[in-house]
Amino acid sequence: MPLSYKIIPVLLVIFLTSSVPVNADFSKILLTNDDGWAVAQIRAQRDALTKAGFDVILSAPAENESGTGSSTKTPTTLTQPCEYDTCATGSPAEGFNQSDPFLNYVNAFPVDSVKYGIQSLAPKLFDGSKPDFVVSGPNVGNNVGTTTLISGTVGAACEAALEGIPSAAFSGDSTAQVSYTTLDSDPTSKASLAASIYASLTVKFVQALLGNSTSSILPKGISLNVNYPATDNCADATDFHFVLSRIESNTGATDVQTCGSHNLPSETSVIDTSGCYSSVSVFNASTKSDVDAATQAVVLNKLSGILTCLPS
């Protein structure tokens with residue numbers, strides 16, 4: 001459908017991505033967030049996933065909808081421009097980039113964006129198929145502990161899991177709410193560099209998870225919450241490490257046994273540890289709470305090749 005808003009140019013951004021081949025059985029990715037369809041982070045992530053060989057549909061809110069959790073509403077016609085003037089007042093409730101139908105906005109909440117991507121865009125753009133996996137984020141700022149309850153990034157990942165599509169929410173500390181154009185106009189800014197690093201890390205994570213999956217990627221109704229620490233002392237994607245964690249600190253919990261313990265570290269303690277450690281928590285998409293040891297073990301086994309332990 002013809003639209004009147006601006007055409008967004010293709011970005012030529014170089015990323016440090018892994019050379020791991022894409023699992024042909026799980027190559028279709030739906031990408032969403034809560035910061036909006038035109039922020040630097042989601043466009044960097046889209047380009048990195050595409051460069052790595054994934055087929056990617058972007059379906060995200062028309063503007064910043066941070067903190068909306070699992071809220072939902074009926075998408076409406078734009079009464080003001082999309083963020084960074086990427087679509088005009090009066091544009092339809094759902095729209096796309098005129099030069100690339102795989103770049104889509106929804107004028108509603110993150111949950112509505114992922115619903116539209118799964119139910120409407122994927123059948124059309126993936127030749128009748130559903131997405132194999134939903135990447136939500138990377139978010140501008142971390143989503144740890146109780147913040148997951150109000151995070152739209154986490155809410156979108158939950159909605160995907162509840163609709164039967166495995167998912168993960170990703171968040172990074174060293175990011176800012178800036179336009180995708182910053183990646184090209186100011187590539188050495190902190191926000192641009194962080195977006196590139198986090199995009200590379202997410203590709204590595206997704207390749208490891210999907211590459212080690214056969215009949216299923218994650219248990220039904222389960223999602224993952226991944227948080228990246230600040231890039232201040234971690235200037236390259238190769239500096240980072242993934243650590244299995246839990247959303248809420250609970251020294252009395254009996255988690256999966258790993259790193260010599262039956263109690264996983266909290267997300268906060270992981271990303272606060274010196275040495276570029278990223279937290280990976282397994283949670284229930286219905287309750288946004290930690291899962292039992294048996295479910296954690298499924299993820300531990302799938303990601304064993306990239307997981308490490310915190311220094312003692």
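I'll start with Asp 35. In this predicted model, a polar atom of the Asp 35 side chain sits 2.9 Å from the backbone nitrogen of Val 140. Asp 35 itself is in the loop that runs between β1, residues 28–32, and α1, residues 40–51.

What else does Asp 35 touch? Leaving aside residues up to four places away in sequence, the contacts are Glu 63, Asn 64, Ser 66, Glu 83, Pro 138, Asn 139, Val 140 and Gln 177. So much for the neighbours; now the charge. Asp 35 is buried and has no salt bridge. The nearest side chain of opposite charge belongs to Arg 43, and that is 12 Å away.

The cut-off for a salt bridge is 4 Å between the side-chain nitrogen and a carboxyl oxygen. Lys 115 is also on the contact list of Glu 159, along with Val 111 and Val 114, again not counting residues up to four places away in sequence.

Next, helix α5, residues 190–211. At 1.5 Å a residue its 22 residues should span 32 Å, and the end C-alpha atoms are 31 Å apart, so the two values agree. Is α5 mostly covered or mostly open? Mostly covered: 18 of the 22 residues are buried.

Last, the annotation. An unreviewed UniProt entry lists residues 29–232 as "domain: Survival protein SurE-like phosphatase/nucleotidase". In the model that span is 32% helix and 21% strand, and its end C-alpha atoms lie 30 Å apart.

Terms used
Residues are numbered from 1 along each chain as its sequence is written. This is a predicted model: local features need pLDDT of at least 70, side-chain atom pairs count only at pLDDT 80 or more; totals for chains, interfaces and linings use all residues. Side-chain values use heavy atoms; hydrogens and water are left out. UniProt positions are given in the numbering used here, feature names are shortened, and annotations may be inferred rather than shown by experiment. Helices (H or I, at least four residues) and strands (E, at least two) are DSSP runs, numbered from the N terminus. Buried means under 20% relative accessible area, exposed over 50%, partly exposed in between (1.4 Å probe, protein chains only). Lys and Arg count as positive and Asp and Glu as negative; His and the chain ends are not counted. A polar contact is a pair of N or O atoms within 3.5 Å; within protein, one must be able to donate a hydrogen and the other to accept it, and residues adjacent in sequence count only if both atoms are side-chain atoms. Contact means heavy atoms within 4.5 Å. The expected span of a helix is 1.5 Å times one less than its number of residues.
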